[in-house]
Amino acid sequence: MKLGWAIVAGIVLGAGLAWWAARDEPAPTRRAQADARARAEAAEPPLYRWRDASGQLHVGERPPKGLPYQRVARAPQAGIEVHGDRD
């Protein structure tokens, strides 16, 4: 009879371990996502692009006040070559 209980206990223990290993990780909270985004931006802050009243294009590290702007990544997209020595 002891052997039967040992087998049942082994099956229950194995099923519990299988459940524990296969369970999904909890989804990240909005706070965790915001923290991750803030850390990513701190590592590589974005640039801002806008045009002034005369149509002149500006790019800077701080967005303008009162003007529409676009956030631009510092690194170019894959497949785009950037050469600073060309005129």
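1. Strands β1 and β2 pair in the antiparallel sense over four bridges, where strands are DSSP runs of E with at least two residues, helices are runs of H or I with at least four, and both are numbered from the N terminus; two strands pair if DSSP finds at least two bridges between them. This is a predicted model, in which local features need pLDDT of at least 70 and side-chain atom pairs count only at pLDDT 80 or more, while totals for chains, interfaces and linings use all residues. Residues are numbered from 1 along each chain as its sequence is written, and side-chain values use heavy atoms, with hydrogens and water left out.

2. The open sheet has three strands in the order β2-β1-β3, with antiparallel pairing, and its edge strands, β2 and β3, each pair on one side only. Within β2, Gly60 is the bridge partner of Tyr48.

3. Tyr48 counts as buried at 13% relative accessibility, whereas Tyr69 is partly exposed at 41% (buried means under 20% relative accessible area, exposed over 50%, partly exposed in between, with a 1.4 Å probe and protein chains only).

4. Because Tyr48 lies in strand β1 (residues 47–51) and Tyr69 in the loop between β2 (57–60) and β3 (70–72), the pair they form ties together parts that are 21 residues apart in sequence.

5. Of the 21 residues of helix α1, the number buried is zero, so the helix lies largely in the open.
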